[in-house]
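Subject: Handover of a structure for your review

Dear colleague,

Please find the structure below, together with its sequence. My findings follow directly after it, and I would be grateful if you read them with the structure open.

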Amino acid sequence: MARTATLHGKRVRPKLSNGQKEERRARQMKLASDIASAQRAYVQEARDIARNHGRSLKWTRVQLLKSQNLRDRRRVNSWNAFIRAKLREANAGRDRGDRVILTQFVARNKDDLRVAYKNLTPAQQEAYNAEVRVARDTKVMVVRSNPKAVSHTVSAAFANMDREWTALCAQTGLEGFYIAVRGTVEDLPEPKVFFTQKAENFVRTVLDIEPRRLALRLESWVVSGLDAPIRTKHQRPLNKLISECRALIQEELDYILTKKVSTNVKMNYTNYERRIVERYGVMLTGWPFSGTVRNPSKIGGRAEVEKLLDALNSEACKWVRLTDEELRARVIHNKERQARGEAVYHPRRTRTTKALTTERTRTSSVSSAATSDSNSD
């Protein structure tokens, strides 16, 4: 590959051809597809194991991630491999209770073992190492829940994180904090916290709580199961729920008509088919009740309003645009329903006698005032 030049301190790479771009895009898509397939296979395998053996899915995932095949193994040490082979030779033919333990064997034969190890050739050392690798690959790991081992792993990981965060904050001047707590009662790790000086002052001054107490509160919240969504709408007044339903319907109507009309269209529940559906070509689908779309205040009590609110929030009930064919079919269907006697189209309300009298009085007063002004002139 040609060496890339630099322009004003920036690396200038050669321009890719269309074929190279397509090839790179195909590789990226293939990689993403393979990763997604592996993730789906891993999830399905974990579910099968959990179901077949009566374990929880979380426990099964922990066991799979603890597998030696998914973690980096420590490099084989030639001295340890050599000692292992010599100890096996010394215990050949001995019963379990008569075998020599490792510490005694090394203490008694330390000098001889050192001399023998120095005389090994690289090929012999590699042969001992290969024996250890083969033993690792063929060993059957006993899967068991070991919270203590998990606790040690967590402690070691967060000890490294503390050092890395401290060095990063010292080099870059960043300020912040993190808190990690156990997820279930069966887990053993204690809360892990890290606070820079300013972050610690923020928690104490603004939140008015000690950082350690904040971690304990988070742990109690998670372990007790209070992190599940809490339904608070039963505590709210019914009129508030109705107002929220109306607001959601109106907001979504404004959004879907943004490109069609320049001004906001007010939702018309009384003449919904004529004023909304037929005029603007949109309809509210997924209405959770029988009959036509109605004002949320007229669908029933608290249970019905909450059902409508859930449907609106989950978008099971939402506005959609109608195609020209769908709109024509809708208009024909509405007219057929109206002809059958259904109240699809509601006539406009006529003015009451009191309103007409008031308007006539106002008009006559204005005319009288105009006549008097003209006479005075």
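Ser78 has a relative accessible area of 17%, and because the cut-off for a buried residue is under 20%, Ser78 counts as buried. Please note that this is a predicted model. Ser78 lies in helix H3, which covers residues 78–90. Setting aside residues up to four places away in sequence, Ser78 touches Tyr117, Gln125 and Asn129.

The contact between H3 and H5 deserves a description of its own. Helix H5 spans residues 110–118, and its axis and that of H3 come within 11 Å, crossing at roughly 120°. On the H3 side, the residues involved are Ser78, Trp79, Phe82, Ile83 and Lys86, and they meet Leu113, Arg114, Ala116 and Tyr117 of H5. By kind, the residues of this contact comprise 6 nonpolar, 1 polar and 2 charged.

A further helix to examine is H11, which runs over residues 272–280. Its buried residues are Tyr272, Glu273, Ile276, Val277 and Tyr280. Viewed down the axis of H11, these buried residues fall within an arc of 145°, so they line one face of the helix. After H11 comes Gly281, which has a positive phi, near 70°.

Thr196 is another buried residue, with a relative accessible area of 9%. Thr196 sits in the loop that joins strand S4 (192–195) to helix H8 (197–205). Apart from neighbours within four places in sequence, the residues in contact with Thr196 are Cys169, Leu174, Glu175 and Gly176.

Finally, some totals for the chain. The protein chain contains 14 helices and 6 strands. Of its 377 residues, 21% are buried. Where contacts in the chain link residues at least 6 apart in sequence, 55% of them join residues at least 24 apart.

With kind regards

Technical notes
Residues are numbered from 1 along each chain as its sequence is written. This is a predicted model: local features need pLDDT of at least 70, side-chain atom pairs count only at pLDDT 80 or more; totals for chains, interfaces and linings use all residues. Side-chain values use heavy atoms; hydrogens and water are left out. Helices (H or I, at least four residues) and strands (E, at least two) are DSSP runs, numbered from the N terminus. Buried means under 20% relative accessible area, exposed over 50%, partly exposed in between (1.4 Å probe, protein chains only). Contact means heavy atoms within 4.5 Å. The arc is that of the directions from the helix axis to the C-beta atoms. Axes are lines fitted to C-alpha atoms, for helices over the stretch in contact, and angles run from 0 to 180 degrees between N-to-C directions. Ala, Val, Leu, Ile, Met, Phe, Trp, Tyr, Cys and Pro count as nonpolar, Asp, Glu, Lys and Arg as charged, and the others, Gly among them, as polar.
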